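Here's a quick briefing to read with the model open beside you. Have the sequence to hand as well, and follow along topic by topic.

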Amino acid sequence: QFLREDMKYKDASNKHSHLHREDKHITIEDLWKRWKTSEVHNWTQEDTLQWLSEFVELPQYEKNFRDSNVNGTTLPRIAVNEHAFMISHLKIIDRSHRQKLQLKALDVVLFGPLTRPPHNWMKDFILTVSIVIGFGGCWFAYTQNRTSREHITKMMKDLESLQTAEQSLLDLQERLEKAQEENRNVAVEKQNLERKMMDEINDAKREAHRLRELREGAECELSRLKYAEEELVQVRMALKKAEKEFELRSNWSVPEALQKWLQLTHEVEVQYYNIKRQHAEMQLAIAKDEAEKIKKKRSTVFGTLHVAHSSSLDEVDHKILEAKKALSELTTCLRERLYRWQQIEKICGFQIAHNSGLPSLTSSLYSDHSWVVMPRVSIPPYPIAGGVDDLDEDTPPIVSQFHG
């Protein structure tokens, strides 16, 4: 509005009286001095053409601007959209182009030339590196997550197989207990049958002795003959029962000391087996706890990355495999021991698994050696990895070895 009003008046006094309106601080001469000393007012024709091409983005009118000799002093005429100048001299027919050119000219006249900040290559480099690092981090996190999932899936499979092996071991132990219970029942029935047969034989002997006394004290020969026949019948019955008892008992009688030594050997082996079983159960419990910890870690935000970068997966895999191996060895050992002692009992013909217990056998067999002490075998607070050899080295002996 100031520019339009300024161009209407040629006389300075009229301009001052119409526009100044008694402003005591800034005069119109001050405004004109400021405009004439500004950078836009002193633009050359080349500066104006550069402004037209780069900032206004209308390079098709460069020739018209050059023919009209447009420079910085001419820009106010463009800013007020002087119709005759814009159409007749600059030949800008398009209305939108005229409006755009007017707004750009008004901007530089009022606020000075436009400045574009210099291109910062360092920011571009940092941005590019950040994008590359971001994509690389995402890819690395994806691969580590996939690897950790595969490891955990494998670990879960190993843990399931370990639980299956544990269940099979428990089933086998239950079968062993049932077999031992049946053997104890058979032994009790056998003892009862032998006791009953001995009672019948003793009754037959007493009856034969009574008949013989009656025969010897009989007065007539007929009564003696009758008593002799009855005695003969009783003797025959006693002989038949004795034959049955002889058939039940083997022709080869095993010494009682050998029976006790075999029973002691069985109890010592059972104690070693119980120690190995407790170690295997301890390894299984530790492996389960580690697996549960890894499951809980994966449920957190950074748990997957932490599990992927740490060596805990390999350690848990190793512990699971060790526990599985220990349970497998324990199952094999239990089956072999059960079969072996059953065969020994069949050959010997007496009970070995069912006995009076380790303290009683030790006191009876080592009665002449009071210095022999049965040590209490304690379970160490750490799992023992390995087989029977490692167990024998770490565990105190059940029966102390002594020289003759």
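What follows is a short tour by topic, starting with the ground rules.

This is a predicted model, in which local features need pLDDT of at least 70 and side-chain atom pairs count only at pLDDT 80 or more, while totals for chains, interfaces and linings use all residues. Residues are numbered from 1 along each chain as its sequence is written, and side-chain values use heavy atoms, with hydrogens and water left out.

**Salt bridges**

- A salt bridge here is a side-chain nitrogen of Lys or Arg within 4 Å of a carboxyl oxygen of Asp or Glu, and by that rule the count comes to 11.
- As background, side chains of opposite charge can pair when their charged atoms come close.
- Arg206 pairs with Asp203, and their closest N and O atoms are 2.0 Å apart.
- Both of these residues, Arg206 and Asp203, sit in helix H9, 3 residues apart, or about one turn of the helix. Helices (H or I, at least four residues) and strands (E, at least two) are DSSP runs, numbered from the N terminus.
- Arg206 is exposed at 53% relative accessible area, whereas Asp203 is partly exposed at 38%. The cut-offs: buried is under 20% relative accessible area, exposed is over 50%, and partly exposed is in between (1.4 Å probe, protein chains only).
- Arg340 and Glu269 also meet in a salt bridge, at 2.4 Å from N to O.
- That pair ties together distant parts of the chain, with Arg340 in helix H13 and Glu269 in helix H11 (residues 256-298), 71 residues apart. Arg340 is partly exposed, at 27% relative accessible area.
- Glu290 forms a salt bridge with Lys319, with 3.6 Å between the closest N and O atoms.
- This one links distant parts of the chain too: Glu290 is in helix H11 and Lys319 in helix H13, 29 residues apart.
- Glu290 counts as partly exposed at 23% relative accessibility, and so does Lys319 at 31%.

**Surface patch and buried helix side**

- Met122, Phe125, Ile126, Val129 and Ile133 make up a nonpolar patch on the surface, with about 500 Å² of accessible area together.
- Patches are made of residues with over 30% relative accessible area and no salt bridge, joining like charges within 9 Å and nonpolar side chains (Val, Leu, Ile, Met, Phe, Trp, Tyr) within 5 Å. Accessible areas come from the Shrake-Rupley method with a 1.4 Å probe, and for residues only the protein chains shown count as cover.
- Phe125, one of the patch residues, is in helix H9 (residues 121-216) and is exposed, at 52% relative accessible area.
- Over in helix H14 (residues 358-365), Leu358, Leu361, Thr362 and Leu365 are buried. They cover an arc of only 100° around the axis, which puts them on the same side of H14; the arc is that of the directions from the helix axis to the C-beta atoms.
- An α-helix has 3.6 residues a turn, so residues three or four places apart point the same way.

**Aromatics and cysteines**

- There is 1 aromatic pair in the structure: Trp43 and Trp51, tilted, at 6.2 Å centre to centre with 45° between the planes.
- Rings of Phe, Tyr and Trp (its six-membered ring) pair if their centres lie within 6.5 Å, with planes under 30 degrees apart counted as stacked, over 60 as edge-to-face and the rest as tilted.
- Trp43 and Trp51 are both buried.
- The structure holds 0 disulfides, a disulfide being a pair of cysteine sulfur atoms within 2.5 Å.
- Cys333 is partly exposed at 23% relative accessibility, and Cys348 is buried at 18%.

**Loops and backbone**

- Most residues other than glycine have a negative phi, and most peptide bonds are trans.
- Glu57 has a positive phi near 60° without being a glycine, and is found in the loop between helix H4 (45-56) and helix H5 (62-67).
- Asn69 is not a glycine either, yet its phi is positive, at about 55°. Asn69 lies in the loop between H5 and helix H6 (75-79) and is partly exposed at 47% relative accessibility.
- Gln351 is in the loop between helix H13 (312-348) and H14, and is buried at 19% relative accessibility.
- The C-alpha atoms of Gln351 and Gln263 are separated by 8.3 Å, although the two residues are 88 residues apart along the chain.
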